[in-house]
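My notes follow the order in which I checked things.

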Amino acid sequence: LDDLTMSIHPLVRDLYKRALLVGRDYPLGLPYVRETWKKALRRPENCPACYPLTATAPGVSRSVECEKEIRKAVGKGRYMVKEMIGVIQLKKYRTLKKRYGEEPIGSDLLRTFESRNSASRTS
């Protein structure tokens with residue numbers, strides 16, 4: 001493992017793995033998700049207190065303020081993963097709706113039951 005991988009906080013690494021796992025089904029594809037998340041994780045605005053520490057050795061402990069900012073940013077990231085899951089579910093729902101139409105579930109059973117029922121009344 002290189003120095004950059006060793007200096008990533010375990011929560012951030014876990015968040016990235018979650019994003020990639022969800023990104024497999026994302027409508028724009030896994031390469032888009034990978035590129036977007038890498039840019040977001042490397043952006044200094046997401047955790048300003050942490051970036052002066054990246055120039056130090058990997059074994060240096062992080063400050064309490066940096067830890068709080070990391071946890072706050074990871075919370076926002078988890079929310080974004082949930083949003084991605086919502087987009088995926090909406091895409092699947094729309095695909096199924098387009099494929100099978102807007103007919104309610106079980107309506108064909110109701111029609112066959114009504115036709116049998118009306119046929120037995122007429123005889």
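**Ground rules.** I am working with a predicted model, in which local features need pLDDT of at least 70 and side-chain atom pairs count only at pLDDT 80 or more, while totals for chains, interfaces and linings use all residues. Residues are numbered from 1 along each chain as its sequence is written, and side-chain values use heavy atoms, with hydrogens and water left out.

**Overall make-up.** I looked up the secondary structure and found 5 helices and 0 strands. Helices (H or I, at least four residues) and strands (E, at least two) are DSSP runs, numbered from the N terminus. Read from the N terminus, the order of elements is α-α-α-α-α.

I then looked up burial. The protein has 123 residues, and 17% of them count as buried. Buried means under 20% relative accessible area, exposed means over 50%, and partly exposed lies in between (1.4 Å probe, protein chains only).

For contacts (heavy atoms within 4.5 Å), I took pairs at least 6 apart in sequence; 55% of these join residues at least 24 apart.

**H2 against H3.** H2 covers residues 10-23, and H3 covers residues 30-42. How do their axes lie? The axes of H2 and H3 come within 9 Å and cross at roughly 160°. H2 is therefore roughly antiparallel to H3. Axes here are lines fitted to C-alpha atoms, for helices over the stretch in contact, and angles run from 0 to 180 degrees between N-to-C directions. Angles under 35 degrees count as roughly parallel, over 145 as roughly antiparallel, 65 to 115 as roughly perpendicular, and the rest as oblique.

I noted the hand of the crossing as right-handed. That term applies if the near helix is turned clockwise from the far one by less than a right angle, and left-handed if anticlockwise.

I listed the residues that meet. On the H2 side they include Val 12, Leu 15, Tyr 16 and Ala 19, and on the H3 side Leu 30, Val 33, Arg 34 and Trp 37. By class, this contact of H2 with H3 has 9 nonpolar, 1 polar and 2 charged residues. Ala, Val, Leu, Ile, Met, Phe, Trp, Tyr, Cys and Pro count as nonpolar, Asp, Glu, Lys and Arg as charged, and the others, Gly among them, as polar.

Is Val 33 buried or exposed? Val 33 counts as buried because its relative accessibility is 2%. Leaving out residues up to four places away in sequence, Val 33 touches Ala 19, Gly 23, Tyr 26 and Met 84. I also checked Val 33 against Leu 21, 12 residues apart along the chain, and their C-alpha atoms are separated by 9.9 Å.

Arg 34 is also in H3 and counts as partly exposed, at 33% relative accessibility. Beyond its neighbours within four places in sequence, Arg 34 is in contact with Tyr 16 and Leu 20. The C-alpha atoms of Arg 34 and Ala 19 are separated by 8.0 Å.

**H2 against H4.** H4 covers residues 64-100, and its axis comes within 10 Å of that of H2, crossing at roughly 5°. The two helices are therefore roughly parallel to each other. Among the residues that meet are Leu 11, Asp 14, Arg 18 and Val 22 in H2, with Ile 70, Arg 78, Met 84 and Ile 88 among those in H4. The residues of this contact of H2 with H4 divide into 11 nonpolar, 2 polar and 4 charged.

**Salt bridges.** Side chains of opposite charge can pair when their charged atoms come close. A salt bridge here is a side-chain nitrogen of Lys or Arg within 4 Å of a carboxyl oxygen of Asp or Glu. How many salt bridges does the structure hold? I found 5.

Asp 14 pairs with Arg 18, with the closest N and O atoms 3.0 Å apart. Both lie in H2, 4 residues apart, about one turn of the helix. Asp 14 is partly exposed at 30% relative accessibility, and Arg 18 is partly exposed at 38%.

Glu 35 pairs with Lys 39, with the closest N and O atoms 3.6 Å apart. These two residues lie in H3, 4 residues apart, about one turn of the helix. Glu 35 is partly exposed at 49% relative accessibility, whereas Lys 39 is exposed at 52%.

Glu 45 and Arg 43 meet in a salt bridge at 4.0 Å, N to O.
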